[in-house]
Amino acid sequence: MLRNVTFRTFKSLKDVAVDLGLVNVFIGANGSGKSNLLEAFGVLSAAADGKVDDQSLLVRGVRPGVPALYKSAFRRKPGEHIPPHLFFGAYGNGAKYEVTLHNPLADPAPAWRFKSEVWGDEEGGTYVSRAPAQRVKSDPERGLAAWKLVEVESGPGAELLKRLQDYVIFTPTTSVLRSVASEPQPRQPLGLSGGNLPEGLRGLFRQRRKDERSKQICQEALGLIDWAKSYGYGPSHSLALSPAAASSEFVVRFRDKFMQEKKNMLSGYDVSEGALYVLFLAVIAGSARTPKLCAVDNADHGLNPRLARTLMDHFCEWYLMAEGQRQVLLTTHNPLVLDGLPLQNKEVRLFTVSRTKSGSTRVRQVLVDDELLAKGQQGWSLSRLWTMGHLGGMPNV
């Protein structure tokens, strides 16, 4: 399991360290660096997989950028030196993976070069140790850890590297969830923009035959869509659809409890985006094919505040029930999401993201301490504390 990460000199992340749980929620002002943080995980993932270029970043949901935009460019204090390379470090269960990447500003190459790379664990020692001073003939644009993983196969170090390699950022969009627009980054169980939702549901339904957790997720998801009698999936020809909506072989379909029978079947094209997003998060939490480490940017997509709160409560429970210590990173701007977080569980963590006076991103964990408990006893909810500015992560406007 990934317990700690450190990022230096990547975009607004001049020097950021984060201690992770299973469910990690990041709140903050627009432009504070929340998406930069998720993308730092993406660059680290690509490095762990052996190649950092535009293609390896795009398939993980990271916006490609030239070196001048990836490297921190803050004003320097007298005597301060900002390293010309990017540093990424991941640690957990006695294992670690650290890498520094370089790409010259004056003559950037399509792929970033590995300046140093260290991968190992307490059980097997150091598997890879690469440094500029070493005279080892190897492709500077290829990571050694990904190659060495074939030999290591198992153990804490292998588990850590595989978890990093599989990381992706989901950023669902309404048109793709409805199957009106095509998925730019298709994968299983869901595309990064929310595509493949009918097939993702089909996989979750198959799991529930033998898996009580999957069955619970399917039932609770239905309870969150208060107008629906049932939901499922089916071939697109089974419903009356506009030609604009029939862009996929399968569609999500709902049965409305308030409409007349035989006239109450609706497709994902006809219903609210909130209902589709509930099912999207249910598949993310429930599918056995979801990466063990992933992120959802803007986790309040199209949700009524009360639905956002209740959905987040269920979503945390779904993740905490999962085997294999699956981890997720979420960003949100909806205050009610905070009220759905069971922060009494140490594996659910809330972080505020803000900018320092010099402009660098700062990440601070909101701890359930005596002061926060006292506020709760006085009737202060987390959403109220945040909107009133007591937690931080608010714009200075």
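In which sense do strand β5 and strand β6 pair, and over how many bridges? Strand β5 (residues 95-102) and strand β6 (residues 113-121) run antiparallel, joined over eight bridges. The model is predicted: local features need pLDDT of at least 70, side-chain atom pairs count only at pLDDT 80 or more, and totals for chains, interfaces and linings use all residues. Residues are numbered from 1 along each chain as its sequence is written, and side-chain values use heavy atoms, leaving out hydrogens and water.

**The sheet**
- Six strands form an open sheet in the order β2-β1-β4-β5-β6-β7, with antiparallel pairing.
- β2 (13-19) and β7 (125-130) each have a single partner strand, so one side of each lacks a neighbour in the sheet.
- Strands are DSSP runs (E, at least two residues), as are helices (H or I, at least four), numbered from the N terminus.
- Strands pair if DSSP finds at least two bridges between them.
- T100 stands opposite S116 in β6.
- Helix α5 (residues 156-165) packs on the sheet and touches β4 (86-92), β5 and β6 (contact: heavy atoms within 4.5 Å).
- The direction of α5 makes about 45 degrees with that of β5.

**The helix pair**
- Helix α8 (residues 212-224) and helix α9 (residues 273-286) pack at about 165 degrees, with axes 10 Å apart.
- That makes α8 roughly antiparallel to α9 (angles over 145 degrees count as such).
- Axes are lines fitted to C-alpha atoms, for helices over the stretch in contact; angles run from 0 to 180 degrees between N-to-C directions.
- Residues of α8 in the contact include I217 and L224, and those of α9 include V278 and G286.

Technical notes
Parallel < 35°, antiparallel > 145°, perpendicular 65-115°, else oblique.
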